[in-house]
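Keep the sequence and the model side by side.

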Amino acid sequence: MQTDMQEYSSQIRRRRTFAIISHPDAGKTTLTEKLLLYGGAIQMAGSVRARRSQRQATSDWMELERQRGISITSTVLQFEFEGYVLNLLDTPGHQDFSEDTFRTLMAADSAVMLIDKAKGVEEQTRKLFHVCRRRGIPIFTFINKLDRPGRDPLDLLAELEDALGIQSTALNWPIGDGSDFRGVYDLASREVHLFERSEHGAQRASLRVTDLSDPALRELIGCRQHEQLREEIELLEAAGEPLDRERVSHGDLTPVYFGSALTNFGVELFLRSFIEMAPPPAPRMSDSGLVRPEDEEFRGFIFKVQANMDPRHRDRLAFLRIVSGKFERDMSVWHPRLGRTVRLTRPQKLFGQEREVAEEGYPGDIIGLTNPGVFTIGDTVCTGQPVRFRDFPHFPPEHFAVLRNTRVDRYKQFLKGIQQLSEEGVIQLFYERDAARREPIVGVVGRLQFDVVRYRLETEYGVETAMEDTPFRLARWLRTPPGDGHTILWTTGTKLVEDADGNAAALFNGDWYLNYMQEKNPGLELLETSRDLG
Ligand code: G4P
């Protein structure tokens, strides 16, 4: 028993569950591949270019992603490095898929913020940063593309503070820039890691290590670069923020690393420092108090649902993040939303597109559950005293279009498709109330999702569709539906609808129309999400 407990605690301590946040093109796919390379998870990390020509990636799997060259769906990659188990939650970089990313971030205990050295803090990074900041998780910054000309490193640190409001502490420092880039100086060990270009950075990049005072260094990098490096290091040591781990753990201070994912430079240095500093699985607040990873009872939550991940199996996978307790295959858990017990049969360990049966799992791990239709985003599963994790983010749709099935013989597949995509949280479905024809009005957060929905309906369900834009821009749920003596004065730019569960809601052409309706119906209670209905 004692040894079981020891084994259990050591399994928790060695886990790191994290996500990489960045603006598209900052190099997230490239960095992911390189991390996997160090983790021994893939033998050869092909360069992104080679990978694109093969139209295949280790961490991207959807056809549409490959066609468009963007990452729109997220998956999970688990690998080991020096005794640690790393769960990397891959997030879509495209802004139209922010909700999926936001939800995935709920499952992470820390984040790596990837920044392009030439571009600095970009829009999508800013958005995702704020989500992490609100959750108070530690954020580690990797400034990428050092092999290319970029901005002054001191400027970039200043920008982190000005644009994001976070103080930073550089753990290594670049020597030279672009074609003059020579390597990095590690502030803690006072070692210089010299950069050597290897072909496409496909193998682990070799490092030569000396020390800042080594006369050979001056010779190697030249007087000018040597002088500049010494000046900058002096400045950092005198005026920079000291590394305060307590502040890092609350997300108040971000450790900064410089490197180049493409050429593989600085990635291993980063990884070593990261595993040592990033937190093990964190406790989570539930409606019955804090749930700690060490708690004996099993507790977890669903942060993502995805249909047809594997075209060969056509199944629906719910992604479960374990918060406490040990997971075992075939275990029975309580499902508070449904108010019944569910047996977790055929649980899957995920690695991008690949799966294997998960025999066991520990806090921090992500398990794929195949129970069809049982789970939706935000569900809790548990053993023992029932609890619910509630603080799940909500994303109001901002674009609405009527979707029509154009082939009568595929109507059943059409209904199944839109229902499954709505369970995934990709779309929200509304139907005009009391209309003669029940045509779905599809609500999405980003417009590109319309393309994805239609594409997926076609490829996964064999359904062709036509789409008609509507002027609606927001939805609200009605606490009390009209009828039974309760009347509502319907104003212009407004439509009465019901959601997929039959709840009464209204669509509005914009804020002005919402306010107008509210003015005309002072007692009318309009709710931002159907969850607020109770
Ligand atoms: P993403 O997932 O964040 O969208 O970025 P991805 O890894 O796909 O990288 C975007 C581009 O940046 C890729 O170029 C990739 O090779 C390049 N890149 C990533 N890391 C580095 C780096 O450290 N140094 C340099 N020089 N480039 C890097 P691409 O789209 O294939 O081609 P191109 O845009 O360079 O022509």
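This is a predicted model: local features need pLDDT of at least 70, side-chain atom pairs count only at pLDDT 80 or more; totals for chains, interfaces and linings use all residues.

Residues are numbered from 1 along each chain as its sequence is written, and side-chain values use heavy atoms, leaving out hydrogens and water.

Seven strands form an open sheet in the order 2-3-1-4-5-11-6, with mixed pairing. Strand 2 (76-81) and strand 6 (167-170) have a single partner strand each, so one side of each lacks a neighbour in the sheet. Strands here are DSSP runs of E, at least two residues; helices are runs of H or I, at least four, and both are numbered from the N terminus. Two strands pair if DSSP finds at least two bridges between them. Strand 1 (residues 15-22) pairs with strand 4 (residues 110-116) in the parallel sense, over five bridges. Ile20 stands opposite Val112 in strand 4.

Now the helices. Helix 2 (residues 28-38) packs on helix 11 (residues 267-277) at about 70°, with axes 10 Å apart. Axes are lines fitted to C-alpha atoms, for helices over the stretch in contact, and angles run from 0 to 180 degrees between N-to-C directions. The two helices are therefore roughly perpendicular, a label for 65 to 115 degrees. Leu31, Lys34, Leu35 and Tyr38 in helix 2 meet Val267, Glu268, Phe270 and Leu271 in helix 11, where contact means heavy atoms within 4.5 Å.

Finally, the cysteines. Cys132 is buried at 1% relative accessible area, and Cys382 is buried at 0%. Buried means under 20% relative accessible area (1.4 Å probe, protein chains only), exposed over 50%, partly exposed in between.

Terms used:
Angles under 35 degrees count as roughly parallel, over 145 as roughly antiparallel, 65 to 115 as roughly perpendicular and the rest as oblique.
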